[in-house]
Amino acid sequence: MIKKLLLFFVFFSVLTANAQYTPVINSNRPGFSESPYSVGSGVYQFESSIFYRKINATPTFSNPEALGLNLFFRTSFISEKLEVNLNTSLQRDKIAFKNIFESSYNKTGLSQFSLGAKYLIYAPKYDDKSKEIRSWKARHSFDWKRWIPHIGISAGLNIGNFLTDYHKRDGFSPKVGLLLQNEFSDKLNVITNLHYDFIGTDFSQLSYIVTGTYNFNDYWSGFAEIQGIFEEYEKRTNIGAGAAYLFSENLQFNASLRANMQQDEIGLYTSVGVSYRLNRHQDKFVEIDEFGNKIEEGKQVKYDEDRSFFGRLFSKTGKLFSKKREQKVDLDISKNTDGDALNQKPRRERQGSLVDVIAKEDKKLKKKTAKEEKKAAKKAQKKAEKEVKRKEKERLKLEKQIKKEEEKEAKQKEKERLKLEKEIKKLEEEIKKEEQKEKEDQEKDDN
């Protein structure tokens with residue numbers, strides 16, 4: 001149970017505001033967008049995927065087909081909010097030339113190689129609705145602060161010297177990005193990225209990515225994504241969807257399917273991937289007192305400097321002669337069956353606990369929820385039975401209609417057969433008449 005709760009908390013709430021590290025792997029795949037959060041210090045994370053892309057060849061040179069392996073490496077040090085990463089792809093491209101005729105050849109090499117970093121600059125704090133006990137409505141209402149996004153910035157360097165000829169875009173070029181993330185609930189997250197890439201080159205491009213992720217249960221999640229890329233002479237759009245499966249705390253599998261729209265052509269992009277992390281993270285422990293306050297080392301107790309030594313001494317001596325609060329004890333031993341009334345101290349009654357109040361509220365809520373679920377189940381069952389009856393009625397009606405059409409068709413065929421037989425019979429009689437006539441004419445000629 002504890003393990004399931006741990007997986008549920010981390011896998012569905014993505015990250016907390018005060019810490020970057022999560023006990024369960026936090027991967028950006030299978031989407032193209034990036035969360036503003038880092039993986040946390042002491043974590044070495046590998047996000048890899050095998051992808052295949054196909055689109056119709058466009059005039060002159062184009063890349064209509066590609067098969068490759070992408071590797072995205074992430075780690076964090078110096079600061080929990082800072083992450084450095086490496087993104088590279090090994091790709092086999094089909095380079096096509098289409099003019100009057102079409103020809104193509106294959107080339108294998110690196111299609112992407114970039115170094116980058118990102119930093120979380122703002123993380124909003126949401127209200128803890130679980131502590132609200134005065135109003136059930138307030139406890140379960142939507143927190144409008146969730147429209148305020150978590151904000152991160154990214155920067156990187158594209159290195160084109162290692163790439164194949166088709167993918168080279170000058171030697172070195174910088175890139176920057178704005179990373180936003182809204183956590184609308186424990187199950188729904190929306191990530192928005194704005195990027196300016198290949199800055200200062202002839203191939204500079206602006207792009208946006210919007211990714212919505214919904215978590216179905218402790219292990220499965222799905223996503224939908226749209227990406228737009230704007231270059232000087234070309235605009236591309238990708239629309240995709242996919243799913244991810246959390247196999248263990250450090251291992252995730254994912255798959256996606258996308259439609260690429262480029263120069264009035266629609267292509268296909270599909271990928272399957274694995275995300276794995278090597279976890280060497282160590283938490284920093286903070287010593288706290290019985291009230292939950294941090295204990296600061298080396299903090300000395302300061303005496304009241306306004307008082308002299310004798311003043312402090314007389315203040316302590318005065319407490320010995322101060323009047324204490326009297327406690328009334330019932331000395332009637334006859335009322336006490338044990339006869340120990342003098343040895344008993346008056347007891348204080350404990351006030352009602354806040355936890356008990358919340359437990360009672362939760363118990364009422366559970367009863368109400370169970371009743372509503374039972375009612376909804378009955379309604380759903382009735383609806384299902386009604387749907388089954390409707391489908392059965394439609395099936396019988398369809399069978400009658402098919403039977404009627406078959407009978408009609410059989411009658412039509414029988415009619416056509418009888419008509420054909422009549423025509424054949426008539427034709428045979430006409431042939432006999434002609435033969436008889438020819439025979440008579442022959443006899444006349446002979447005579």
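**Briefing: salt bridges, paired strands and a charged patch**

At 33% relative accessibility, lysine 107 counts as partly exposed, a term that stands between buried (under 20% relative accessible area) and exposed (over 50%), computed with a 1.4 Å probe and protein chains only. The model is a predicted one, in which local features need pLDDT of at least 70 and side-chain atom pairs count only at pLDDT 80 or more, while totals for chains, interfaces and linings use all residues. Residues are numbered from 1 along each chain as its sequence is written, and side-chain values use heavy atoms, with hydrogens and water left out.

**Salt bridges**

- The whole structure holds 16 salt bridges, each being a side-chain nitrogen of Lys or Arg within 4 Å of a carboxyl oxygen of Asp or Glu.
- Lysine 107 meets aspartate 165 in one of these, at 3.0 Å from N to O; because aspartate 165 lies in the loop between strand E5 (150-159) and strand E6 (172-183) and lysine 107 in strand E4, the pair ties together parts that are 58 residues apart in sequence.
- Aspartate 165, at 55% relative accessibility, counts as exposed.
- Lysine 118 bridges to glutamate 34, with the closest N and O atoms 3.9 Å apart; this pair links distant parts of the chain, lysine 118 in strand E4 (residues 102-122) and glutamate 34 in the loop between helix H1 (2-13) and E1, 84 residues apart.
- Lysine 118 is buried, with a relative accessible area of 1%, and glutamate 34 is also buried, at 17%.
- Glu34 and Lys118 belong to a network of salt bridges that also links Glu47, Arg74 and Glu83.
- In helix H4, glutamate 399 and arginine 395 lie 4 residues apart, about one turn of the helix, and their side chains meet in a salt bridge of 2.5 Å, N to O.

**Paired strands**

- Helices (H or I, at least four residues) and strands (E, at least two) are DSSP runs, numbered from the N terminus, and two strands pair if DSSP finds at least two bridges between them.
- Strand E12 (residues 265-279) pairs with strand E1 (residues 43-54) in the antiparallel sense over 12 bridges, and asparagine 279 of E12 is the bridge partner of valine 43.
- E12 also pairs in the antiparallel sense with strand E11 (residues 251-262), over 12 bridges, where alanine 259 stands opposite leucine 268.
- Between E11 and E12, which form a hairpin, there are 2 residues, and glutamine 263 in the turn has a positive phi of about 50 degrees.

**The end of helix H4**

- Aspartate 446 lies in helix H4 (residues 354-446) and counts as exposed at 57% relative accessibility.
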